[in-house]
Structure formats: C-alpha cells, structure tokens
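Reader: I am new to this structure and would like to go through it with you, one question at a time.

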Amino acid sequence: MTAASLTETEVPLKRRLKEAERARQFKALALVLPLLVFLLFTFAGPIAGMLWRAVDDREVRQVLPQTIAALADWDGKDLPDEKAYAALASDIQAARAAGTIAIAAKRLNYALNGFRTILTSTARNLKAVPEAGTAKETLIRINPAWRERATWRTIRDAGGPITGFYLLAALDLTRNADGAITAAAPDQAIYRDIFARTFLISLGVTALCLILGFPVAYLLATLPPGRSNLLMIFVLLPFWTSLLVRTCAWIVLLQSKGVVNDSLHWLGIIDEPLRLIYNRFGVCVAMTHVLLPFMILPLYSSMKAISPAYMRAAASLGAPPLTAFLRIYLPQTLPGIGAGSLLVFILALGYYITPALVGGAADQMISYFIALYTTETANWGLASALGAVLLLATLLLALVYGKLVQGQQVTGGMKN
Amino acid sequence: MEAGMVAPAPALVRFSGIQKTYDGEHLVVKNLDLDIRKGEFITLLGPSGSGKTTTLMMLAGFEVPTQGEIYLSDRPIKNVPPHKRDIGMVFQNYALFPHLTIAENIAFPLSVRSTNKAETQERVSAALRMIKMETLAQRRPGQLSGGQQQRVALARALVFNPQLVLMDEPLGALDKRLREQMQLEIKQLHETMGITVVYVTHDQSEALTMSDRIAVFNDGIVQQIDRPDALYEHPVNSFVAHFIGENNVLAGTVETIDKDYCRVALTGSGAVTARAVNVSGPGASTSLSVRPERVAIVRDGSSSDGPNRLPAKVQNTIYLGDHALAVLDVAGNAEFMVKLQPGAHDSLQHGESVHITFRPEDCLALDPV
C-alpha cells in the first residue's frame, strides 16, 4: 500500500520540486542578467571579434571580386588566362572609381612586399578598360609584375573569405609557392622571439614574485591580527596608486641620476652609474612590484587555512623545522602557489605600459606589438592573430593548471 | 620514603618550580612542582584558563617556562626543541596531515627518523592493526569520521615508541557515546603498551574513568594530585570538592574543633558535625561539602538519628533513569540534591517537609567558597 502510493506520488513530487526550483533559478538568472549582458558586450563580443579578425580576409574579395572569381579554377602552374587579366582590369577600373584601391593594396602588400606599387601604378596607368583580348598585353606593358606567377598567386591566396595568413605570420610561418607551410623570411620572423621573450619575462617576474611574496604571505598568515592588518595595508597599498604613477616612481628611483645610483655612488660602492632602467632589469623590477600583491593574496589565503597545529604535530613527531616545512607546510600551500603563479604569469603576459616605459627596445613584450599593429599600422589582422595566439597559450596554461589542481586536491582534515 | 608504602615508580618527568607568564603581568602557571611516574596515566584536570594546557605545552616544548626546569628522565629539557624530546602528542583537532594518506601519516614519525623501509612498513601495519583500520590505509584524513581520525592520530603518536605520550583534550570534538568508547580504548592501549600518558581535559568524568592519578588545576596552581577515588572522597578544598563529582554546599561558621571533627553552625539554621579538613579554627567561616548519595531523607517519626539532622523542604524531584534526584531546600541552600533509588521519588510530595541526615564523616568542612 505504502510502496504503491509512494510511486504514485513520486512523479508529481518531482514535478513540483522542478517547478519550485524553476522559480528560484529564474530569480537567480534575473539577478545575474545585467552582468551577463555586460560581459557579453565588453568581453565575449570583443574576444569573438578579435578571433574573427585573425582569420577574416574579405578585403581583396570586395575590391577585386571578378578577379577572385576568375582565379578560382586557376591551377597556379602557368600564368592565368586572358579572362583573368580582363577581370582584373575591369575590377581596377571599378575600384578606382570607388576609391577602394588602397584597401586591397594594403592587404596584398602584407603578403608580397611592393604589391602596393604594382596595384597603384597599374590603376594610375590603366586609362580605360582594354579591348577584348588585349587585357593581358596591356597590363604587362603597364607593369611587368603581371607576368610573374607570384603576383597572381598573391591575389588568389588573399581571396578569402578566411585565411590562415595572419595566424601563420604570428608564428613566423608562411606559405611557399606550392602552398606548403614553411618558415618565414628571416627579416619577418620576429614573433617567435617576441613570444619567447614575453614568456621568459613573465616567468622571471612570476619566480621573483613567488620568492619575495612567500615570506610576506607567511608573515601575514602568522602574525597577530593587529600587526598582520598593518602589513596587509602595506601589501595592498600599490593597488591604491595608479599603475602609471608606480611605474614612473621606478624611473625616478632607477635612472642613472636616480635615487639608487646616487646612493650607491655616495656610499662609494660604484664610480659609474649602473644601468638599472630601460633594460630587462628595470622591466622585471617594476613588473614584480606591480604584480606582487596578486601572488601574496592567494598565498595568504592558502596559508591562513593551515592550522599551526600541523607544524606542532610535525615537531612532536620528530621532524626538525626544515623537514616539517618542506614535507608538511609547503605541500599544503601548493594550491596557493599555483593560483598565485598562474595569476601573476597570465597578468604579466599581457603587460604593456610598464615594459613600454621602463624597458628598452629589446624588452618589449607581445602586447606592445599588438598595440603597434592596432593603432600605428592598422594591421588588425596581424594584431588579432597575435592576440589569438596569446589567448590560446594562456588558455592552455590555465587548463594545465586546472588539471594539476584537480589531480591533487587537498581536503582539510581539520574540523575547525 | 615512608615505611609501609609501596615504592612508587621512578619519576619520568619532573616539573620543578615552573612558572609561566605570557604578558609579564599574570602568571598562567604559578610555581608548579609535579612528578609524573613512569608508566602511569596522569590527567591534568581543570577549567579553561587554569594552566593545564600551558603545562602540557611546556612539556611538549611549544612553550618555554618563564622560570624553573623540566626534567625528562633526569635530563633538563627546557632548551631541547620539541622534535628532539621524543614525546608523542595527540591534538584536540587531530592535526592529521591532510595531504598525506592514513598510512603516510602514521609513517611520518618513522620516516623523519630515517627508519628503513621494511621496518616502517611493518610498524605502520602493526599500528593500523592496533586501531583496526587496515582497510583504510590509503584514505585521506578528510574522508574519515572524527573517531577514525582520532584513532589515526593516536596510532601516529604511538608508532615511534615515544617515552611519553601527551594528549590535549583529544576527545573534545567527539559526541558523547563515541567519546566514552574512545576513553576505554585509550585506557586499554595504555595498559597493554605500558606507556606513560599525560592527558589534559576539563571533563571530570573523563578524568575519573581513565586516570591513575589526577592533578586538579585551578588558577595556575595544582590544587590536589591523587588517585580518582581519593580526590572524590578526600578533597582538600572546596574547589576540588566542587569540581570532582556532584556536591552540596552549606555555608556556616566553625564553633568548636575536636581533633578531626568540628561543630559548625549553619548560616541558615541548625548545626552539624563535620570532618575538619580545611578550617583554621573556631570562629572561621567554612563551606560544608556533602555528596548527594551520602544523604538520607527521613520523614518525621523516623528513629534513625545522628548528630546531623536538618529540616528540609522538597522543591522538586528529577527522574534520571538509573536513579532519581530530590531537590531540597536545606538551611538556605535551595538546590540541595539528594540521590534516591529509582521509584523512591514518587512518594515525595512537592512542598513536603522532611528531614535529612548524613554521617559526620561524609560532611567535609572546607575553605569558604
């Protein structure tokens, strides 16, 4: 009897539970909706836009539509036929009238240096649409580059609508005449070095933050509340001043007539001022200073959760202080070390202002070049591709970290 | 050594003139002299702030005495760091290392002593067998219940055969039933292994259950050290009488003292004869201590009479299963408890006037509260 009534009531009960839950879920959703919308417009949207721009390649297609169509079935072995030349001539005429030649010229010039001149000179000298059958002859007379297969291949490869060109360029790769991926020319292969430099500087700053931050976090977690609060204010103080002010303060301190050099000179330790700024040293010092709180705070929170009883227990069981620290304390701070290091490393990867102000030419990180291509040369495709590679690398790191943390999840044994 | 006494085991630990202050103003431990014998189970019992935990921490090496010296096997250990003292310790919240498995936790004291692998394995499995947790060796502490965690903590503190095991309120976080079970298990371990245990608790019934001797702490001073039954039967002052077991207090003034006994005029009304334990002389005020189970209720007309017969009024009766309590108003004490046999409480009417009697030797004249 009871079992039967149980199964009878089970379904409505589940449904009622769902209905009750639904109202709550709806309320929760309504509460986070403004944030979701905000994030969509300010975060997800721009990132999607950036990723799209890294592969978007419709400029040439829009300016030279007939040419792209005519080249669609070109095998690339010989020069294209008369039809393609006629289409090009017609496209150039139309583009000149619309004033869009420069758009295609800029894009084609990325792929083949000097293409801008070829296209603009052709546009300037092509007085009228050539008569049928003479397009090839006319164009080659205006600019001999139209006799080169490479010229045509460049147009075809830039035909879009999507391309791997920018992404390959961001990794110092390019496609050769046969369409195979090869290393880029040495004078264009700079991004791998810059990525390596970016990662190296970030790694160095992360290590410095960990070395300097660990003892501070330990003090914060173990000092009596009064003094630890005071120390916490000192740790957070940098957050209350602008990044620019802090970076400029380092210029004042580290420049050749700066406080540090003057003091060292006055103490008689050095004769010539040390070169402390506009080099890698200055970048690392300033970035470490700025990023230190991001290391200290996660470390502090993981250390705060470690009861002093663990160290006492280790000592009572016969472990000398160093052994107790290495085998009991340190392993329990690993989640904090991981979180702090990841945070600092990822923040450091994107650093722009600090290296720009206190670094030399050889210390600029990837963000500098992204900014350069965005604002100076307006090569948004390459800027987006560099951004996409950086994003991918960062996501990979976060994923690896997530796996590591999941692998050795530490559960609290203390019931406090 | 007094003649006729069994020679006590030699002292393993000796506290000599120990004082401890944290702030330089108040002494948490005032002039402690205490011998702990080899193989005994001694409990430091007292309310919080009485100095018992500080005493234990000084013995473990986590606190340094402000004055005095502690000897372990006749060796001064004031300046010996905790990890060199060879003292096992069980903490209130177990302090099992959360990132290590149960087996690794138990192996920890062996591995820091560079014990070889085979022996470590053997001793760890012996320890796991001892606490009946062989199957849980690869679990982490967070996956165990409180009682299981405490067994592991116990095994970890015993596995390296320390000279001395300290326990700092180890059962405080467990529920009552489990606590009582663990008390018996710890007591059994102590007896089978012959270890010396210093146990800290504020729970007097725990102390009575487990201890060979109890040191009652209050206000930084050891009030009394003795066997559990001696503490109960012969408390030296009001604090001990009150802290160990149930106790009725009657205030009064000493009239005369005759050898071991004195006559006390109660503040309310009447006079009784009591054992003079801690009174200075005639005229001094005193607190009388009478245990609830040593008092008999008599109705008018009952013939059993002695020097201590006081009028009382029944306030209430409380049924407690195996026994019952009568709450009486006696000589100004409105919460005077008398222990009754179960069933006896039915016949008592609320507001009924009765008399109580107790023997002079069951009534102790102590220092005034």
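Reader: Is Tyr94(B) buried or exposed?
Author: In this predicted model, Tyr94(B) lies in the loop between β6 (87-90) and α2 (102-111) of chain B, and its phi is near 70°, a positive value in a residue other than glycine. A residue counts as buried once 20 or more other C-beta atoms lie within 10 Å of its own. Tyr94(B) has 25 C-beta neighbours inside 10 Å and is therefore buried.

Reader: What percentage of the residues in chain B is buried?
Author: The secondary structure of chain B comes to eight helices and 20 strands, and the C-alpha trace of this chain spans about 80 × 45 × 45 Å along its principal axes. Among its contacts between residues at least 6 apart in sequence, 65% join residues at least 24 apart. Of the 369 residues in chain B, the buried share is 43%.

Reader: Which residues does Leu266(B) contact, leaving aside its neighbours within four places in sequence?
Author: Leu266(B) lies in strand β12 (residues 261-266) of chain B and is partly exposed, with 18 other C-beta atoms within 10 Å. Its C-alpha atom is separated by 21 Å from that of Ala326(B), which is 60 residues away along the chain. Leaving aside neighbours within four places, the contacts of Leu266(B) are Leu250(B), Gly252(B), Ala271(B), Val272(B) and Ala331(B).

Reader: Which element gives the most residues to the largest nonpolar core?
Author: The largest nonpolar core holds 157 residues, and those that touch the most other members are Leu291(A), Leu386(A), Ile106(B), Leu166(B), Val198(B) and Ala365(B). Beyond its neighbours within four places in sequence, Val198(B) is in contact with Ile36(B), Ile42(B), Leu44(B), Leu56(B), Leu59(B), Leu164(B) and Leu166(B).

Reader: How is α14(A) oriented relative to α16(A)?
Author: The residues of α14(A) that meet α16(A) include Met287(A), Leu291(A) and Phe294(A), while those of α16(A) in this contact include Ile337(A), Leu343(A) and Val344(A). By class, the contact has 14 nonpolar, five polar and no charged residues. The axes of α14 (residues 280-304) of chain A and α16(A) come within 8 Å and cross at roughly 155°, and angles over 145 degrees count as roughly antiparallel. The helices therefore pass each other roughly antiparallel.

Reader: Which element supplies the largest share of the side of chain A that touches chain B?
Author: Between the two chains, 22 residues of chain A are in contact with 27 residues of chain B. On the side of chain A, α15 (308-316) and α16 (321-349) each supply at least two residues, and the residues of that side divide into 11 nonpolar, nine polar and two charged. The largest share, six residues, comes from α15(A).

Note on methods. Residues numbered from 1 in each chain as written. Chains lettered and ligands numbered in written order. Predicted model: local features only at pLDDT ≥ 70, side-chain atom pairs only at ≥ 80, totals over all residues. Contact = placed C-beta atoms within 7 Å. Helix = DSSP H or I, 4+ residues; strand = E, 2+ residues; numbered from the N terminus. Nonpolar A, V, L, I, M, F, W, Y, C, P; charged D, E, K, R; others polar. Axes fitted to C-alpha atoms, helices over the stretch in contact; angles between N-to-C directions. Parallel < 35°, antiparallel > 145°, perpendicular 65-115°, else oblique. Buried ≥ 20, exposed ≤ 12 C-beta atoms within 10 Å, placed from the backbone. Core = buried A, V, L, I, M, F, W, Y, C linked by C-beta atoms within 7 Å.
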